[in-house]
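Me: I have a new model open and would like to get my bearings. Can we start with one of the loops?

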Amino acid sequence: MSGKSQTTLEKVDKTFKFTIFIKISCDIYLDNTITSIINQTMDFKNNIQVILLIDTYKTPINIDEYIRRYPENITVIHLKDSAGHITNKSELIKGKYVSLINCGDYITSTTLENTYNYLEEYFNEIDLVSIPVYTTDKHVPDNLNYKFSTSKIINLVNEPNNPLTYLKSTFIKKDVLINVYSENNHEELPCSTLINQIILKRLKYGVLSTDKYYANTINNPHVENILDYMDNYLIKLLNMAHDNKNSLPYISYLITYELQNIIRIRTLDMLTNEEKKLFWNKLEYLLSFINEQYIINNPNITSENKTFLLYLINKDENTIITTSSNDAVIKIKDYEIDRLTNNKIIIDIAEIKDDVLDIEGCYSSSFNNQRIDVNLIVNTKSDSHEYNPEYITYDSPERSNIQHISITWKYIKNFVFKIPLEKNVNATYTLEIVLKHKGERIVYKPLISFGGSASISMSTPYHVRDDKILSFKDNRLQVEKYSFHKMIKYEAKSLMKILHKKKQGYMHALKLHLLYLILYPYMNNRKIWLFMDRSDSADDNAKYLFEYCNSREDNISKYFVISNEYRDYAKLNDKYDNIIGFQSLKHELLYLFAEKNISSYVNDFHTNPFYDKNNQLYRGIARPDKIFLQHGVTKDNISEYTNKYKKNVSLLTTVSTLEHDAFLRENYNYDEHVVQVLGFPRYDSLTSQPEKIVLFAPTWRNNINSAEKFINSGYYEMIQEVLSNKQLEKLIKENGYRFVFKAHPLLEEYVDLLNIPDYIIISRNESYQELFRKSSLLITDYSSVFFDFAYLKKPVIYYHPINDYHYRAGYYNYDTMGFGEVCVTENKLISIIEKYLSNDCIMEDEYKSRADTFFKYHDSSNCMRVYKWLLKH
């Protein structure tokens, strides 16, 4: 029986010990799940029934082999063909006990045997038993796993703070499950409501410590409809608990725990004004049943959430600030909301460039920003100076005010100090926080930690730049003139610190630090440039710039880096003798001494050999400037991801004045000299020899992280609409064209989930440059590949049936600046394709003019311009 077959509802006369439901949207992870059930120590054929709930018609579910092997054990239900909830067909359930496993999850091999024995032994005491949950990848435990320290029955009258929220990992008596649905008129209940309605009957449940449930995702469930979540889960259970006072403490603890999912929501802007009123009424109703002690002494609530929940309960009380000579406290009633000295400064940038010390970071507290200042005290041997910062704004959530349900709870103060060093060498730099309150000025020196872009870390608290050493000691920065003797002393201290702390990866770090010391006299004065595209491919700006620079005689050692596991490594290695493997020992050592790390990508997992080796252990001795060539023209506002505090690049190349200006305007916070209009190196090699090829190249969606999300997304629908369109197939064939589908690298692992007709060519190995050269027409959604196509004056069609792109809109307007028509319907898309196929795919004059206006350079000198800039800087 395949996924396309009809619903299987045949009655099975055989009875089983367990019925396990598996809900599947695609079969990509099905084997892991069903194999863990088939391979139980309890005999599968005689004891276990599996009901597969297939909730998609979009892709075939490959279950034929399972049906063939176990026809009496496996039942299939296509939910789209089956009205109502599965429990409406209780005659299908042949197990004494019932559970649900999500597709992709799995259980340990003794789970069903141990669970059955436990439920049988305590059949008259409990209706369900649960096992602990861990993630499938790193086996991270769920927040509530503390209750599984030993196998036992939890009496919730005596131990009410033991919330149970998962239906998965829980095994329930069939009769009890069916009765609960009958009581609810067979309405489908949220899983957490169902399980807790069952718990309320006895106020007891069993826990087994002997087995484990491994889940793809745990913790922090996303509340899609906040009002439904409150009504159909929290308030519903609270109303049920009214009939039994013994259950109120448990339900109150449960609600307190689950309220964290609500207050995690930053803003209520998605609600109408009327819905906001309903929300606050419902929340106040729920809070009225929560004793403050349920919050204060609750280990299941994070410290920040505790203070916020206490604030919500007492928000009608006055918030007061009490002060002392060097501290201040915000209180509501007797509860401390925040203390000035509890908060520390994060230094994001600490580096010396062009004889200027750049210190950038943030301070976060519950004290309103208008009361807070950050000062820098510079002490030399002869005098002391106080510097005031420039305050800046970032769009990243981590550097923006923290909100809970539209209430600002933490204020972020982002600061920048630029200190000329001509008079401030051999000086110390101390950061101070100043609170102004009712005429008082409270000053304290906060603890400091370092962000990922700082040139030093707590493990390697020094950095050599030019003729100076920047170091951190006694909670302050220091700049002094470089000497080899001083550097050796700092490095020896770093080695001792790494050896003493023994952080993850410390042995490898010790080896690299020792090699660094040995090689330092020979490598310190070498000029080394490293070039990279992705760690798995070489077909972008860095590769083309490398080939240009490699032909220049300039006494600079140049290397191209790519993982030796991929075919592009072999291609380049046959041509050049300076190709090195990503994360090889040679790469690691060259990275420590390199002057520049030049890449088309900016994420560390593509550019930094230590990204997964506890990078802080190397940060102080790694010296390269980050050169970001970009892999596509930036048209959207990506300042949340590619800003200075996260990436701190020394050069960011652009192709257009519009693009350049957006980087300086939209809270990226790069200095003006960093963003340059130099053109893309790969454009020098763009050529056009069009064949009769239509190229379809959609981009990715960052919110998709599983096959199930992909299958159920509008993004999937959009791609499938294009691939399956019969009119398109007819047009392509009648006009003698070929249709090529080029999946985004992150889409490639899901391509097999698409139904792709035989006439469509899937491009897996061809480079983008080759596809641009041969193709005559491009269809895309939001992919920046259209800029390359427009640069060649070839026609582009944008297909935007839904507005689901993950980046915020930037300066680029598709309607007024686009290089082709924007289609929002399938019919219009086909019509525009037909138009271009009928005129030999000639770009219209309007769009040619837009391309001429957008790109600053139309020559073949992009590599030269970038190379000259790098030499100069």
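Reply: Asn669 sits in the loop between helix 19 (657–665) and strand 34 (675–677). Helices (H or I, at least four residues) and strands (E, at least two) are DSSP runs, numbered from the N terminus. This is a predicted model, where local features need pLDDT of at least 70, side-chain atom pairs count only at pLDDT 80 or more, and totals for chains, interfaces and linings use all residues. Residues are numbered from 1 along each chain as its sequence is written, and side-chain values use heavy atoms, with hydrogens and water left out.

Me: What is the phi of Asn669 near?

Reply: Near 70°, a positive value in a residue other than glycine. Most residues other than glycine have a negative phi.

Me: Why does Asn669 count as partly exposed?

Reply: Because its relative accessibility is 21%. Buried means under 20% relative accessible area, exposed over 50%, and partly exposed in between (1.4 Å probe, protein chains only).

Me: And Asp466, where is that found?

Reply: In the loop between strand 25 (462–465) and strand 26 (468–473). Asp466 has a positive phi too, near 55°, and counts as exposed because its relative accessibility is 58%.

Me: New topic: which residues touch the most other members of the largest nonpolar core?

Reply: Leu259, Phe279, Leu340, Ile405 and Tyr429, out of 103 residues. A nonpolar core is a set of buried Ala, Val, Leu, Ile, Met, Phe, Trp, Tyr and Cys residues joined through side-chain atoms within 4.5 Å.

Me: Which helix gives the largest share of this core?

Reply: Helix 7 (residues 226–241), with 10 residues. A second, separate core has 74 residues, including Trp700 and Leu754.
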